[in-house]
Amino acid sequence: MSITLDSRAPSGPIESKWDRYKADMKLVNPANKRKHTVIVVGTGLAGASASASLAEAGYQVKTFCIHDTPRRAHSIAAQGGINAAKNYMNDGDSVYRLFYDTVKGGDYRSREANVYRLAQVSTSIIDQSVAAGVPFAREYSGELANRSFGGTQVSRTFYARGQTGQQLLLGAYQAMMRQVDEKAVELRTRTEMLDLVVINGKARGIITRNLVTGQIERHMADAVVLATGGYGRVFYLSTNAFNSNVSAAWRAHKRGAYFGNPCFTQIHPTCIPVSGEDQSKLTLMSESLRNDGRVWVPKSAADAKKHPNELAEADRDYYLERRYPSFGNLVPRDVASRNAKYVCDEGRGVGSSGLAVYLDFKDAIKRLGDNVIREKYGNLFHMYHEITNEDPYQVPMRMYPAVHYTMGGLWVDYHLQSNIPGLFVLGEANFSDHGANRLGASALMQGLADGYFVIPFTMGNYLAGFKRDEATTESSEFKDAQASAQGRIDHMVALGKKGGKHTTQEIYRSLGKIMWDKVGMERDEAGLKQAISQIQALRQEFESGVKMQVPEDLGRSQALEVAMRVEDLLELGELMAKDALERKESCGGHFRAESQTEDGEAKRDDENFSHVSAWEYKGDVSKSVLHKESLTFEYVKPTQRSYK
Amino acid sequence: MSAKKMTVHLKVWRQKNKNDAGHFEDYTVQDISDDMSFLEMLDRLNVNLQKAGKLEVEFESDCREGICGTCSCVINGQPHGPVTGAATCQLYMRQFKDGDTIVIEPWRAKAFPVIRDLVVDRSGLDRIITVGGYTGAKTGPHADANSILVPKENAEKAMDYAACIGCGACVAACPNGSASLFTSAKISHMSLLPQGHPLRQSRVTRMVNQMDKEGFGHCTNIGECQSACPKEIKIDSIAIMRREFFNAAIRS
């Protein structure tokens, strides 16, 4: 049976909701805080900042990290910057404007109350990060520098060269390590979460596996925080790092946590194209390149294999400028991505694979000179040259869209608590504040907002009402969860012993191809139905045996890790297709071919789909049940986007 | 644009765990295109090994775009291989020729015990940060970010040092196995910013002492570290660290 979800957002005007929440929340007596233990899984921006903040507040924190050190988390790869409504540029920015841009950019599929809070705390994040020693870019005056980003009309993006994510993560990581020194955080690296333990309806712990020794352990706490990132690697090829996976969130989902909007995926238009079958990873090139580069493909498919410099102006189709005269090459990410796909589908794609479009700087170099372009984009041009062995000062870059962020994730209320009491979900792992499309430079903002400035309050409110029961790590729930985790490892080993036609890597790549072709930039009913049956068949193949060798000690093994990820991703992929099938409208990054305007733009259906889709697991993805949280827009009235 | 295909011969360090003596094993990988990355070549080797019913070569990587600091191979004697200013994951097979023999080893240092094959334990670096690599500011309200001005030049220099990705190539390159470049990069970053000043003395003293405790060697100004550093961090940071250390010692 389907239920309607309650966001538990405070009532009253949006400007005062968060203040009211803080005024009304319950507090834990300072002397009692150290009696509460909180588990934090993940050490990216959200997890590291949450660990540091909760430990500083006085709680005992146990933090778990899948990498060899917390500083490797994928937040580190964010290049561009972090938004904050500081209005340092005196250009009319405000909390309200950041809120408005985020709701509109998310194509009216986010929760207004959460987004407003995000915009409110954005300014504190900058103060916090500067106090933590983050070396943001500065002006000659010694004040912080800002730039514009992602098509907004104000300059509100703070940055540290092209390594903003790295510097913000190191700031949070260092604060957390200080708490390790203070013995307030107990940190376990090279450890993965295998299961969530729910006792009397509350999240009370996790089962973990040591990735060096293979040892499985039980860990208990009064609350569990998941900050385990997104699931873009379900597409196999993405800009996400190898350890970015859905496993922790998926295990929580299988224990009852609802998965919100799984089909909302962001596809970034400017990534270096795939060069061959062995490609393992895609590299993103900053969106800023579209400020000066012109996107084109040959007018005729017959010219697609010709050298770009041999093609006369008249034989080139600057398709974005042609179709969107007012925004041109600066149309939003989803529009740019989809159009690249269309021209490649027409056979006009370039490069050896035919899956690329040109991003040409010839005119910009002519207009501004080599030096200006070098100053603006030198590091990106260098990176491109290193990877492709082509010099973008001489020949146009080749670009193709790639998956790089997932807006969907575990469903949370205003407290960032899932439907399982005591299970909190932060950062990209939750279904988030970004609706159906995330604006550039907003991921870092959300991760740190959740970890530094939301969870310390909402966790206190939860723990103040927490009554400890008789549960221990010897409780049957813990023993059962450990046994089921052990059973999974044994199952994986058995699959390897059985053997099969393919390696897990090959099955994983097949899954990625299905997802990219049918659950990618453009989706339609027939394709999604096909995807579901193909994924089911692939899962069957996987579950009947694979080519895999696992070391006898079951310790450090890439093969075993990949197999466990693939098993989870095969289920998630099916749920994403199912969610995309159910959401018959187009919105943001979710484009249903059946729902477009006459101009080929995404057409929302507010009457039927102004809701969050939250899926409940019922033993198999094919049986998952859909719950809804309806979305109302009191402040930002939904309109149809147009970039003509 | 057109990819050339080649065959490479590998000598790869295999070691079951830290107590195992370890040895080189020879492999040949065929049909490698020159626009594959070095790690994709190792991926291919592992697929071949799985298909042949053998155990994969364990190695580490994560972001594969040169920022997370996870990948860590010594390639033909050089940490991160022959290209300067690049991590292992940023190395492409076009750097090699058809028929080349490539020797692949883990980071080798007393303070980095081998976990398996090419995977080593670098947690000593974390413990150095743990004792002082921070400003000490707690989460909460702070003065407006623009209330303390930082000269652009200092912010830029701080960023040069803060760019460290914590990969440990400096330790692997150093004949003494010293972590001085890593440690001094953090100390230099913090000493250049006003926010780093309150803990200045305890920071340098504790971090340098921790470096010794972890079994890292001493710096004798050889300079291999800065050649191996994928972020091209300069050893002038080590001079800053020494100055900070002596200042702290005099004032304590």
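1. Domain bounds here come from an automatic or database domain assignment. The model is predicted. On that basis chain A falls into domain 1 (14–264 + 407–464) and domain 2 (269–401). Taken over C-alpha atoms, the centres of domain 1 of chain A and domain 2 of chain A are 34 Å apart.

2. Next, the contact between these domains. Domain 1 of chain A brings ten residues to it, and domain 2 of chain A brings twelve. The side of domain 1 of chain A that touches domain 2 of chain A holds nine polar residues and one nonpolar residue. Charged residues are absent from that side.

3. Chain A overall. Its secondary structure comprises 17 helices and 19 strands. The C-alpha trace of chain A spans about 80 × 65 × 50 Å along its principal axes. Of the 644 residues in chain A, 58% are buried. Among contacts in chain A with a separation of 6 or more, 73% join residues 24 or more positions apart.

4. Three strands form an open sheet in the order β6-β7-β8 (chain A), and the pairing is antiparallel. β6 (191–199) and β8 (216–220) of chain A are the edge strands. Each has a single partner strand, so one side of each has no neighbour in the sheet. From one strand to the next, the twist averages 25 degrees.

5. Pairing and packing in that sheet. Five bridges link strand β7 (residues 202–210) of chain A to β8(A), in the antiparallel sense. A:I206 has A:H219, in β8(A), as its bridge partner. Helix α13 (residues 476–498) of chain A packs on the sheet and touches β6, β7 and β8 of chain A. The direction of α13 makes about 140 degrees with that of β6(A).

6. The contact between chains A and B. Chain A gives 67 residues to it and chain B gives 66 residues. On the side of chain A that touches chain B, the elements giving two or more residues are α3 (45–57), α5 (112–131), α6 (164–181), α12 (443–464) and α16 (558–582) of chain A. The largest share, nine residues, comes from α6(A). By class, this side of chain A has 25 nonpolar, 26 polar and 16 charged residues.

7. Chain B. The domain assignment gives domain 1 (5–115) and domain 2 (122–137 + 149–251). Their centres, over C-alpha atoms, are separated by 28 Å. In the contact between them, 18 residues of domain 1 of chain B meet 17 residues of domain 2 of chain B. The side of domain 1 of chain B that touches domain 2 of chain B has ten nonpolar, six polar and two charged residues.

8. A backbone point in chain A. A:L416 is not a glycine, yet its phi is positive, near 65 degrees. A:L416 sits in the loop between β16 (409–410) and β17 (423–425) of chain A. A residue is buried if 20 or more other C-beta atoms lie within 10 Å of its own. A:L416 has 25 within 10 Å, so A:L416 is buried.

9. A backbone point in chain B. B:R64 has a positive phi of about 55 degrees and is not a glycine. The loop between α1 (38–51) and β3 (74–75) of chain B holds B:R64. With 25 other C-beta atoms within 10 Å, B:R64 is buried.

Technical notes:
Residues numbered from 1 in each chain as written. Chains lettered and ligands numbered in written order. Predicted model: local features only at pLDDT ≥ 70, side-chain atom pairs only at ≥ 80, totals over all residues. Contact = placed C-beta atoms within 7 Å. Nonpolar A, V, L, I, M, F, W, Y, C, P; charged D, E, K, R; others polar. Pairing = 2+ DSSP bridges. Helix = DSSP H or I, 4+ residues; strand = E, 2+ residues; numbered from the N terminus. Axes fitted to C-alpha atoms, helices over the stretch in contact; angles between N-to-C directions. Buried ≥ 20, exposed ≤ 12 C-beta atoms within 10 Å, placed from the backbone.
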